[in-house]
Each structure stands twice: as structure tokens, then as C-alpha cells.
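Student: I would like to learn how to read a model like this one, feature by feature. Could we take a few residues in turn and then step back to a whole chain?

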Amino acid sequence: MNKVDTAASSTVIKNFFSQTIVLAQRSLVSELRQLATVLPGLLFPLLLAFTYTEQFERVLSLPGFPEVDSFLDFLLPATVLQMVSFGASNSGTELALDIENGFMDRLLASPVARVPVLIGRVAGSALLAGIKTVIIVLVFLIAGAQVSSGFAGFVVLTLSACLLVVVIGGLSQILAIRSGSQEVVGATFPLIFVMIFMSSAFFPTELMSGWFKRLAEFNPLTWVIDPLRRLMIVGWSWSDAVTALGILLLGAVLVTGGSVLTLNKKLGRP
Amino acid sequence: MTTQTFSKAASGVSLSIAMAVCRRGVLRVLSRPTLLLPIVFMPVIMLISFTGAFGSLTRIEGYGSENIYDWMAPYVALQGSVFAGVFGSASTAEDFETGFFDRLLLTPGSRSSILLGTVLVSAIRSLFPTVGVVVVALLGGLNLSGGLPAILLLAAASALMASVFCLFSLAIVYRFKTIRSLMIVQLVAFTSFFMTIGQVPLEFMTGWLHQVARFNPTTNVLRFARQGFLDGITWDLTWPGIVVFAAANIVGSVLAFRSLRRIGS
């Protein structure tokens with residue numbers, strides 16, 4: 001009896017992963033087929049980084065600004081997170097499109113489990129974010145930026161980008177399930193963009209004042225960006241690596257759970 | 001005589017279609033509060049973000065204003081109007097995806113009335129962020145040395161900016177018929193705004209950015225909209241803005257109308 005149970009759960013797990021991989025492939029292919037809409041998400045953060053570098057050079061002399069050779073060094077984590085913010089909500093937009101055109105109903109009527117339907121899409125976006133992070137870091141290195149923590153820091157930065165996609169993508173999926181509208185999901189993109197500005201991404205919290213400073217300090221993105229930045233400009237630290245990845249992993253688990261619950265609620269299942 | 005009467009009637013119908021499209025667009029926004037999020041709250045949050053994050057810029061000698069709200073409020077209001085323009089065309093993209101736009105094309109009158117109605121919605125939508133930004137900036141400590149004329153000038157600039165970006169977005173949407181294609185316009189919009197005197201004066205910029213911002217048409221738009229918030233309204237800062245608005249609206253209209261005319265042909 002136990003053997004039968006074990007075999008059954010083994011099959012379930014196998015199916016779960018194979019379904020997730022197939023749906024992740026579908027998501028990735030969908031993204032790559034629309035390269036014209038994927039590229040801006042890579043080019044814009046780079047453009048913004050180089051613009052800010054030319055714009056804020058005088059800021060480096062302000063008391064309280066971290067010691068860096070160039071504003072570009074300071075901006076690397078922010079640029080990666082901004083790139084993520086561009087592509088992450090695509091999984092929600094695609095889900096809303098599937099709901100609008102009825103594909104979601106057909107998918108749910110098939111023997112596919114509910115969780116891979118959600119995770120598969122986000123996994124495809126996460127993989128793409130990892131590739132884009134590699135490109136961004138290479139461009140920064142060519143432009144003269146430094147990664148003080150070396151290859152280990154680069155790996156942490158890449159994993160952070162992938163996990164952040166899971167968090168933002170999961171949130172956009174919750175919105176897609178609740179609203180069923182691409183327009184609504186697309187309209188929230190600027191909000192994520194602003195969340196980055198309300199953090200320490202572009203300016204250190206030491207140079208902020210009043211309630212905004214406190215808001216930025218309580219923004220979870222600051223908790224992720226600050227350790228990532230120290231890895232980039234100071235050097236390797238286990239504490240910084242674990243902090244950045246730990247927060248994002250916790251967020252990913254919570255949001256994925258939330259999106260599964262929202263889908264079950266929508267379908268009238270306990 | 002009969003042709004003239006028909007022509008007058010047709011143009012009347014076209015105007016009524018434009019107004020109907022406009023009314024539908026406004027009701028659509030009011031009936032779906034989630035769509036108000038990027039239009040009103042987003043620019044307000046951007047104002048708070050930029051003034052909060054970059055407030056220390058005023059400590060640097062040579063910055064354009066001692067009050068960060070005077071510098072950032074017009075910039076953010078104009079960015080909000082760009083969102084209003086782009087999201088105005090997002091509704092059209094959704095109409096394509098649901099098939100409603102095909103039915104709209106079957107209505108009597110010229111296609112330009114659909115275009116006009118959508119642009120009008122965007123211009124009206126642009127007033128939401130402008131009012132929101134000015135109110136929040138006043139609460140935050142905006143000086144507003146130019147008084148009511150400064151606000152009216154900003155409102156006019158916002159409406160014109162929304163119509164420009166709505167037209168360019170429609171040129172894309174009529175061609176690709178998807179919301180995702182608007183990412184291209186968003187990129188152009190953000191780029192044109194960031195490579196300008198939005199956050200810092202021209203003197204702060206170095207290298208290639210200094211030259212780009214100097215010749216970026218959006219710089220003149222910002223000077224036009226911001227002048228009442230800094231030193232008062234002058235003709236020298238007004239006419240270059242008018243030229244940019246006129247040229248951009250004409251080019252946008254031509255591109256959007258050409259894309260619209262090609263649908264189904």
C-alpha cells in the first residue's frame with residue numbers, strides 16, 4: 001500500500017515538474033517571439049543608468065554619499081531591478097490575455113495542475129531576467145563599473161533578479177486573476193517603477209529627509225538593494241548575500257502562495 | 001446642393017461619433033477605478049518620489065530652484081499627461097483584442113472622428129494628473145510664484161502633451177493591435193523625458209547628455225510648462241514650446257491617421 005502511495009506521489013511530482021517546464025517554455029517562447037517588446041525592458045534601464053551617470057556626477061561630492069569612482073558603480077543593482085520591473089509583469093499580462101481569449105478555461109479543463117499554470121509563466125520570465133542580468137553586468141563592466149565581490153556577487157545579483165521576477169510576476173498574476181484585464185495589469189507597471197524610486201535605488205537614504213527617508217528605509221526593495229550594492233561596491237559578505245536572497249525568497253513563497261489561493265478562490269475551490 | 005447637405009450631415013455625424021467615443025472613454029475610466037491608478041496616483045507618487053529622493057539636489061550650488069517642488073511639479077505633471085496619452089490608446093488596443101474596434105469601424109462617418117474622440121479622451125484624462133500633482137505639491141510646500149496663469153499654462157501643456165503621445169501611441173496600436181506594443185511608446189516617452197532638464201538644470205549635465213538635452217524638443221516643452229513656477233511667464237520661453245507642440249501634433253496626426261486608414265485595406 002505504501003509502495004503504491006509512494007509511486008503515486010512520485011508520478012504527481014513528475015507531472016508537476018514536467019507541466020511547469022512545458023508552461024515555462026511556452027512563456028519563454030512567447031517572450032522571445034515578441035523581441036521588439038522585450039528589448040525596451042533591457043535598453044531602457046541601461047539608458048537611464050548612463051543618463052543618471054551624466055546627470056548626477058555633482059552628487060558624488062555631497063556628504064553622506066558612498067565612496068564610489070562613478071555614479072555608474074552605485075547604480076548597478078538599481079539598473080538590474082529596474083530591468084526586472086519591466087519584464088516581470090508580463091506573466092500577469094499574458095495570463096490576463098489567456099483569460100480574455102478563453103485559453104485559460106481550456107487549460108484549466110485539461111489535466112494540468114493549477115500551480116504549474118501560474119509558476120510556469122513566472123519561471124519563463126525569471127529565466128529571461130537572468131539572461132538580461134548577465135547582459136547588463138557585462139555592459140556595466142565594459143563601461144568601467146566594478147563588481148567588488150567578484151563572480152560570487154554577480155551570481156547573487158543574478159539570482160536576486162530571478163527571484164524578484166517571481167515576486168512581481170506573482171503579484172501581477174493575482175491582479176490578472178482578479179481583474180481578468182490586460183489593461184489593468186499593464187496599468188500597474190508604473191507603480192512598480194515608482195516603488196524603485198521610493199527606495200535607496202537611485203539615492204542613498206542618508207541623503208533623504210523626513211517621512212520619505214523613513215518610507216524608503218521601510219521599503220522592502222531598500223532591504224534588497226542596500227546589501228546588493230554593498231556587494232557591488234564594498235566586497236563579498238555572506239551576511240549581505242543571505243539578506244538579499246532571503247528576503248526575496250520569502251517574498252516569492254508568499255506571493256506564489258497568494259496567487260494559487262486567488263486562483264482557487266476564483267474557481268470556487270477551497 | 002444635395003451633396004453639400006450630405007457633406008454637412010456627414011461631418012455632423014463624425015463630430016457626434018467623436019464625442020461619443022470621448023464620452024465612452026471618460027466613462028470607462030470613471031467606471032474602472034483601477035484605471036485611475038496610473039492616471040492620478042502614479043504622477044502624485046512620482047512627485048513624492050522625486051522630491052523625496054532628489055530633495056538634496058537643492059543643496060548643490062547652481063540648482064534651478066531652492067524649492068524642489070517648484071522644479072519637479074511641472075515635470076511630473078507632464079509625465080502624468082504622457083501616461084494619460086499612452087493609456088488612452090491602450091483602451092483602443094483592448095478594443096482591438098475584444099473585437100469592439102471592428103464594430104466601431106462600421107459606424108457611419110469618417111475614421112478620423114474615432115481618432116479625434118480618442119485624442120480628446122486623452123486630453124481630458126491629462127487634467128487628472130495635473131490637478132492631482134499641483135494639489136499635492138501645494139500641500140508639500142510649492143511656492144507657485146506665477147499664480148493661476150502658471151497653472152493654466154501647465155494644464156494647456158499637459159493636454160497638448162497627452163494628445164501628442166496619444167497620437168504616436170495610436171499610430172503603433174493601429175498597426176500592431178496589442179497593448180504590449182505600447183511598451184515601445186513608453187520607452188520613447190520615458191527616454192525623451194529623462195534626457196532633458198526634468199530633474200536637473202542643463203548646467204549639471206556632463207558629456208553627451210548635455211548636448212542631447214540641449215537639443216531635445218521636450219526641453220522646450222518643460223521650459224514652457226515650468227516657467228510660471230520659477231521666474232514668471234515670458235514670451236521667450238513660450239514660443240519654442242508652442243512650436244514643438246504644433247509640430248509634434250501635426251506629425252502624430254499624420255502617422256496615426258495613416259495607420260488608421262490602412263486597417264482592413
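Tutor: Let us begin with contacts, where contact means heavy atoms within 4.5 Å. Not counting residues up to four places away in sequence, S169(B) touches G85(B), V86(B), S89(B), L182(B) and V185(B). This is a predicted model, in which local features need pLDDT of at least 70 and side-chain atom pairs count only at pLDDT 80 or more, while totals for chains, interfaces and linings use all residues. Residues are numbered from 1 along each chain as its sequence is written, chains are lettered from A and ligands numbered from 1 in the order in which they are written, and side-chain values use heavy atoms, with hydrogens and water left out.

Student: In which helix is S169(B) found, and is S169(B) buried or exposed?

Tutor: Helices (H or I, at least four residues) and strands (E, at least two) are DSSP runs, numbered from the N terminus, and S169(B) is found in helix α7, residues 147-176, of chain B. Buried means under 20% relative accessible area, exposed over 50% and partly exposed in between, with a 1.4 Å probe and protein chains only; S169(B), with a relative accessible area of 0%, is buried.

Student: Which residues are in contact with S122(B), leaving aside its neighbours within four places in sequence?

Tutor: The contacts of S122(B) are A84(B), G85(B), G88(B), A162(B) and C166(B). The residue S122(B) itself has its place in helix α5, residues 112-125, of chain B, and counts as buried because its relative accessibility is 0%.

Student: How should I read a backbone angle, and what is phi of L144(B)?

Tutor: Most residues other than glycine have a negative phi. Phi of L144(B), however, is near 50°, a positive value in a residue other than glycine. L144(B) lies in the loop between α6 (127-140) and α7 of chain B, and at 14% relative accessibility L144(B) counts as buried.

Student: How are aromatic pairs described, and how many does a search of the whole structure find?

Tutor: A pair of aromatic rings is described by the distance of the centres and the angle of the planes. Rings of Phe, Tyr and Trp (its six-membered ring) pair if their centres lie within 6.5 Å, and planes under 30 degrees apart count as stacked, over 60 as edge-to-face and the rest as tilted. The search finds 29 such pairs over all chains. One of them is the tilted pair of Y52(A) and F56(A), at 4.9 Å centre to centre with 50° between the planes; Y52(A) is buried at 0% relative accessible area, and F56(A) is likewise buried at 0%. Y52(A) also forms an edge-to-face pair with F54(B), at 6.1 Å centre to centre and 85° between the planes.

Student: Why does the pair of Y52(A) and F54(B) join two chains?

Tutor: Y52(A) lies in helix α2 (residues 35-55) of chain A, whereas F54(B) lies in the loop between α2 (33-53) and α3 (68-98) of chain B, so the pair joins two chains. Both Y52(A) and F54(B) are buried.

Student: Stepping back, how many helices and strands are there in chain A?

Tutor: Chain A has 12 helices and zero strands, and of its 270 residues 56% count as buried. Among contacts in chain A with a separation of 6 or more, residues 24 or more positions apart account for 78%. The C-alpha atoms of chain A fill a box of roughly 70 × 45 × 35 Å, taken along the principal axes.
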